[in-house]
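Let's walk through a protein model together, one step at a time. Keep the structure open beside the text and look for each residue as it comes up.

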Amino acid sequence: MELERNNSSRPAARPLLPAIGRPRTPPPEPSYKRPRALVACETCRIKRTKCTAERPTCARCKSRNLECQYAVDSDDESRRKALKKRYDWADSERNQLRDLLNLLTTRTESEADQIYRRLRSNGDPIRVLQSVKQAYLLLPNPGPVSQLSSHPQVERLDSEAYQLSPFKLRSRPWTAVADDGIVSALISSFFAWDGYYFLPFVDQTCFIRDMSSGDIKRARFCSPFLVNAICTIQFYSDNVKVIRTVTGKDLCELFDAEARKHLEHDMDTPSLPTALGSIIMFMTSAYFGRDRAGAIYRHLGYDMLDRLSVSTAIVHMSDPEEKRAYCRAVWGAYCYESIIAALQNKTPALLIPTVPRLFHEEFDPSAHVENVDLFGQTFTSASFRPPFAPGLLNAACDLNILQNEITRYNEDALQSEEEVDLPTRKALYNKVLAWRKSLPDHLLNEVNHTPGTSLLRVHYEEVAIFALRFLHPMTDFIDHTSANELRVIHCQRIVETVERHFRTHLPGDYSAMFLNALYHACITLIPSLDEVISQEIFTRAAIGLRREPLDLPGLVFVIRGIEAVIRGMKKRVPPVAKAAFVATKIPANTGDVLIEYGFPPQLEYVQRESDVTSDHNGETRGRLGALIHKWNALTL
């Protein structure tokens, strides 16, 4: 209190006024700072001393008579930019040296000798490579530069793809669409997936041998048309997706256009590559979701195979690999046609081949059989994936023969409209079960889980479903199990097998055969969609199909067709499955689409309900095209 009292008694302080007449002290002048050099010379940088950055010699190096060098070309460039430029230059030089090495290892001895002589006389490997590329002096059928070579990102992708690809192949002179890395990756992917089970008619050994030779005139199992056709069908490859994103170009469309050009030139002369490439082009037209003339490719390939008279030609062949390739082509085409014909419940256009299965090597059923890799060597943890089970194609041939027997019976029953012969149905179904029991352990997916054994499993489940067609759902078929219960069991196994594959493999690593199986599961379950178990399995199958329309544009028609069948049979899409049918847009340029592709002409092939009449003009038994048009009208 006393302190406050003393403070209050003091007079208030006056504000200070500026001094009058006194000179003000000037502010200090800024000290001069030596501009810092953007990039010091290497000698000063290592010694960590100041550098004047004078060129060609800085002051410190000049006074000490030292060698003065700079990592950059000018003062305007940072060290980081200079190092990046050096890295890009070294990477480009490495890729060019790799191309030169590939020329030396893949060309014939005479051509490689000419390159070697040029190296010795010139001394500059890069200049030698450029001269060879520009003049194409060593290539028997030179082609233009890749259509995508101007994109740096594509060049880097091509280099990475080449390193990761099991097969190291030269794209020239076979195709001018892409470079070595991308073409090598696409060819490798074909033989690892679709070319293994779904399109198994191309012999890998003979094809790779001819393609590696680079000699179009002498090649008998490879041609520019076949190479471009194989690359075209790799819609779901990760490389294709990346290139589409980077360049805005559809790589498969480019391969397709070049394949068509080669076909116009090759179709007049029967050859094995032209026949097999034509069959692949049929599948390409289906994948694109367009081209009504797609069926022409299919029958052109079959007709050309017939004109080759393989059964007679192999008698005069001395090369065992050549014999094997022709036998594989005939049997592979038969298996493929069986799968396609089953989509429409029709008898295949090809008869059972009379040629032997020389591609199959017998093994002791009691012995343990190891999986092999893409090169036919024992599969190990260091091998390229996926593993392959030996003998799979031979088992698939037997299964397709059995499938066609059932398909033929179904087609006869469909036309005659007689009562179902239950004993015959049971006999066919038991044949399917017996085939499964006869398989060795290494071909059973529950024992040896590989993509190939999974494909064989879903195919088996499909054939079992075919044997159960036309049966009333409540028919007591086997061991007090109804026909509908058996159908649901087989569909559930299909969905579980496909889901397991997609869980354990990368998104682009699959075969279209898996989608084919999901389609059959959806169609089979439609009549029993009132049941909870059928709704659950149907939803999983539909979602599995819905995940791929971006990869396979034609799959949109399959999804829309399934919904048309549901409406035609007066059923409802399960609420959880509706997401699979939402926003399915038809691909552009589909004016010539065959709208019924991939679906049976009539819907009664699934199974007969007790309240379904036999009137061919009824909605359920009507043509699928009419149902799709009606469904489109309802959604507009």
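We start with a pair of charged side chains: arginine 307 and aspartate 303 meet in a salt bridge, with N and O 3.8 Å apart. A salt bridge here is a side-chain nitrogen of Lys or Arg within 4 Å of a carboxyl oxygen of Asp or Glu. Both residues sit in helix H14 (residues 294-307), four residues apart, which is about one turn of the helix. Helices are DSSP runs of type H or I with at least four residues, strands are runs of type E with at least two, and both are numbered from the N terminus. Arginine 307 is partly exposed at 43% relative accessible area, and aspartate 303 is partly exposed too, at 38%. The cut-offs are these: buried is under 20% relative accessible area, exposed is over 50%, and partly exposed lies in between (1.4 Å probe, protein chains only).

Before going further, a word on where the values come from. This is a predicted model, in which local features need pLDDT of at least 70 and side-chain atom pairs count only at pLDDT 80 or more, while totals for chains, interfaces and linings use all residues. Residues are numbered from 1 along each chain as its sequence is written, and side-chain values use heavy atoms, leaving out hydrogens and water.

A search of the whole structure finds 22 salt bridges. In one of them, glutamate 322 pairs with arginine 220, their closest N and O atoms being 2.5 Å apart. Glutamate 322 belongs to helix H16 (residues 320-343) and arginine 220 to the loop between helix H9 (204-213) and helix H10 (224-232), so this pair ties together parts that are 102 residues apart in sequence. Are the two partners buried or exposed? Glutamate 322 is buried at 11%, whereas arginine 220 is partly exposed at 42%.

Another salt bridge joins aspartate 398 and arginine 357, at 3.0 Å from N to O. Aspartate 398 lies in helix H17 (residues 392-416) and arginine 357 in the loop between H16 and H17, so parts 41 residues apart in sequence are tied together. Salt bridges can also share partners: in this way Arg436, Glu446, Arg457, Glu461 and Arg493 are joined into one network.

Now for helix packing. Two packed helices are described by the angle between their axes and the distance between the axes. Helix H21 (residues 512-525) and helix H22 (residues 532-546) pack at about 145°, with axes 9 Å apart. The axes are lines fitted to C-alpha atoms, for helices over the stretch in contact, and angles run from 0 to 180 degrees between N-to-C directions. Among the residues making this contact are Leu515 and Leu518 of H21 and Ile537 and Phe538 of H22; contact means heavy atoms within 4.5 Å.

Finally, look inside. In soluble globular proteins, nonpolar side chains tend to be buried together. The largest nonpolar core in this model has 148 residues, and those with the most contacts inside it include Ile187, Tyr336 and Phe538. Such a core is a set of buried Ala, Val, Leu, Ile, Met, Phe, Trp, Tyr and Cys residues joined through side-chain atoms within 4.5 Å. Helix H16 supplies the largest share of this core, 14 residues. A second, separate core has eight residues, including Cys41 and Tyr70.
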